[in-house]
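Hi everyone, thanks for coming along. Please have a look at the sequence and the structure on the screen, and then we will walk through them together.

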Amino acid sequence: MGASGQRDARRQARRALLQTLYEVDSSGHTLDDTLPWVLERTRFNKVTRAFVQQLAAQVMAHVQEIDKEIQRHAPAWPVKQLSVVDRNILRVAIYEMKLAKDTPPKVAINEAVELAKHFGGDGSQRFVNGVLGAVMKEMEAQAVTQ
């Protein structure tokens with residue numbers, strides 16, 4: 001699979017991940033119950049399935065830490081009051097930017113904005129872009145001081 005094919009596969013994987021996190025967040029179902037159900041309905045290869053599974057597990061494992069990041073960068077919006085879609089888009093992107101570090105921050109932001117355009121409400125893409133832009137600025141400032 002070429003770079004373009006891998007990019008498309010990861011974009012589709014993030015969609016499945018968003019669907020999974022939305023279900024977990026809004027219904028109270030567990031990740032162990034939800035993720036297999038979502039993955040059964042995909043045609044992902046083993047690598048893409050593993051990417052979704054690993055990302056889902058890690059986002060959920062770090063959700064409190066990630067939510068604190070969201071709150072720091074969007075203090076006027078309590079995390080629990082954000083739309084379920086926006087909250088989970090931000091969770092995935094911040095995890096990829098700050099904790100996983102295998103996705104370039106600009107790519108994580110672009111992917112998050114695309115998800116927000118597709119699945120979010122009015123203003124979602126601007127909100128997501130603004131929060132993630134602030135996270136990236138902070139990361140860049142920290143890199144300069146280290």
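Here is a question to start with: which residues does Asp-67 touch, not counting residues up to four places away in sequence? Hold that thought for a moment.

First, some ground rules. This is a predicted model, where local features need pLDDT of at least 70 and side-chain atom pairs count only at pLDDT 80 or more, while totals for chains, interfaces and linings use all residues. Residues are numbered from 1 along each chain as its sequence is written, and side-chain values use heavy atoms, with hydrogens and water left out.

Back to the question. Leaving out residues up to four places away in sequence, Asp-67 touches Val-79 and Arg-91; contact here means heavy atoms within 4.5 Å. Asp-67 is found in helix H4, and helices are DSSP runs of H or I with at least four residues, numbered from the N terminus. With a relative accessible area of 14%, Asp-67 is buried. Buried means under 20% relative accessible area, exposed means over 50%, and partly exposed is in between, using a 1.4 Å probe and protein chains only.

His-73 also has its place in helix H4. Is His-73 buried or exposed? At 16% relative accessibility, His-73 counts as buried. Not counting residues up to four places away in sequence, its contacts are Val-131, Ala-134, Val-135 and Glu-138.

Now let's visit helix H1, where Val-24 is found. Val-24 counts as buried, at 12% relative accessibility. Along the sequence, Val-24 and Thr-34 are 10 residues apart, and in space they are 6.9 Å apart, C-alpha to C-alpha. Thr-34 is one of the residues that Val-24 touches, with His-29, Thr-30, Leu-31 and Met-60 also on that list, which does not count residues up to four places away in sequence.

Next, the core. In soluble globular proteins, nonpolar side chains tend to be buried together. A nonpolar core is a set of buried Ala, Val, Leu, Ile, Met, Phe, Trp, Tyr and Cys residues joined through side-chain atoms within 4.5 Å. The largest one here has 42 residues, and those with the most contacts inside it are Ile-70, Ile-89, Leu-90, Met-97, Val-128 and Leu-132. Seven helices, H1 (3-27), H2 (31-40), H3 (46-61), H4 (63-73), H5 (84-100), H6 (105-119) and H7 (124-145), each supply at least two residues of this core. H5 gives the largest share, 8 residues. As for Leu-90, its contacts beyond four places in sequence include Ile-70, Leu-82 and Phe-127.

Finally, how do H5 and H6 pack? Their angle is about 165 degrees, with their axes 9 Å apart; the axes are lines fitted to C-alpha atoms, for helices over the stretch in contact, and angles run from 0 to 180 degrees between N-to-C directions. That makes H5 roughly antiparallel to H6, since angles over 145 degrees count as roughly antiparallel, under 35 as roughly parallel, 65 to 115 as roughly perpendicular and the rest as oblique. Among the residues making the contact are Ile-89 and Met-97 of H5 and Ala-112 and Phe-119 of H6.

H6 and H7 have axes that come within 8 Å and cross at roughly 165 degrees, making H6 roughly antiparallel to H7. Their contact includes Ile-109 of H6 and Leu-132 of H7.
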